[in-house]
Amino acid sequence: MIQFLKSLYAQLQQNRIAFFFLKSVVVFVILKYSFLAFIGAMDVGGLLYFPILEKYDIIQVVRYSYINPTNWIVRSLGYPSYAYKLGVTILGPGGVQINNSCLAIETMIVFFTLISCYPSTRNKLVHLLIGLSCIYLLNLLRIVIVCISTTHSIRVADLNHTIFNLVVYAFIIIYFFFWSKEKAVALH
């Protein structure tokens, strides 16, 4: 069995595109489910609850990195709002609660996986920082738009989630295409 796996690994390394694809899938699955396990370990009702993790609530830190700028931007645009632990409320019918799925962590994992697994070592860190920052800023813009649009129509807020996913995944594909095109010699 071990000999078979070594042989398969050697064959995959020869086909660099297949190896890149397989490595990307494995890294993505590991990162995504590690993130979900971490969230589950912090949930009081979760199967693997570890109270000590509440002291290191990285998810809440990320959430605050969206809440505080959102509140500032919404107020700057003239909407009376206030921030609370889970989101931003605009006085009246508007506001947004920022759940774990709203943090764009999965899209960041997709981007991180593509760049980090690509068979090149030049400028990965710089491009990871640029791409992840762009995803963060796009998500912040989305959260601001959802927050403001809830004062006008809930349906607009729902549509905004779909549009955001399309825009961010298009950004990831386009960014990766141009970045990998520059590094295309690594696959040939």
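Student: Where is Ala104 found?

Tutor: Ala104 is in the loop between strand E3 (95-97) and H4. Helices (H or I, at least four residues) and strands (E, at least two) are DSSP runs, numbered from the N terminus. The model is predicted, so local features need pLDDT of at least 70 and side-chain atom pairs count only at pLDDT 80 or more, while totals for chains, interfaces and linings use all residues. Residues are numbered from 1 along each chain as its sequence is written, and side-chain values use heavy atoms, with hydrogens and water left out.

Student: Why is Ala104 called buried?

Tutor: Buried means under 20% relative accessible area, exposed over 50%, and partly exposed in between (1.4 Å probe, protein chains only). Ala104 has 6% relative accessibility, so Ala104 counts as buried.

Student: What is the phi of Ala104?

Tutor: Phi of Ala104 is near 65°, a positive value in a residue other than glycine. Most residues other than glycine have a negative phi.

Student: Why does Asn71 count as buried, and what is Asn71 in contact with?

Tutor: Asn71 has 12% relative accessibility and therefore counts as buried. Asn71 has its place in helix H3 (residues 58-76). Contact means heavy atoms within 4.5 Å. Leaving aside neighbours within four places in sequence, Asn71 is in contact with Ser81, Tyr82, Ala83 and Val88.

Student: What makes E1 and E2 a pair?

Tutor: Two strands pair if DSSP finds at least two bridges between them. Strand E1 (residues 81-84) and E2 are joined by 4 bridges, so they pair, and they run antiparallel. Ser81 has Ile90 in E2 as its bridge partner. The hairpin from E1 to E2 goes through 2 residues.

Student: What makes a set of residues a nonpolar core, and how many residues has the largest one?

Tutor: A nonpolar core is a set of buried Ala, Val, Leu, Ile, Met, Phe, Trp, Tyr and Cys residues joined through side-chain atoms within 4.5 Å. The largest has 38 residues, and Ile98 is among those with the most contacts inside it. H5 gives the most to this core, with 8 residues. Not counting residues up to four places away in sequence, Ile98 touches Arg63, Tyr66, Ile67, Leu86, Gly87, Leu103 and Ile143.
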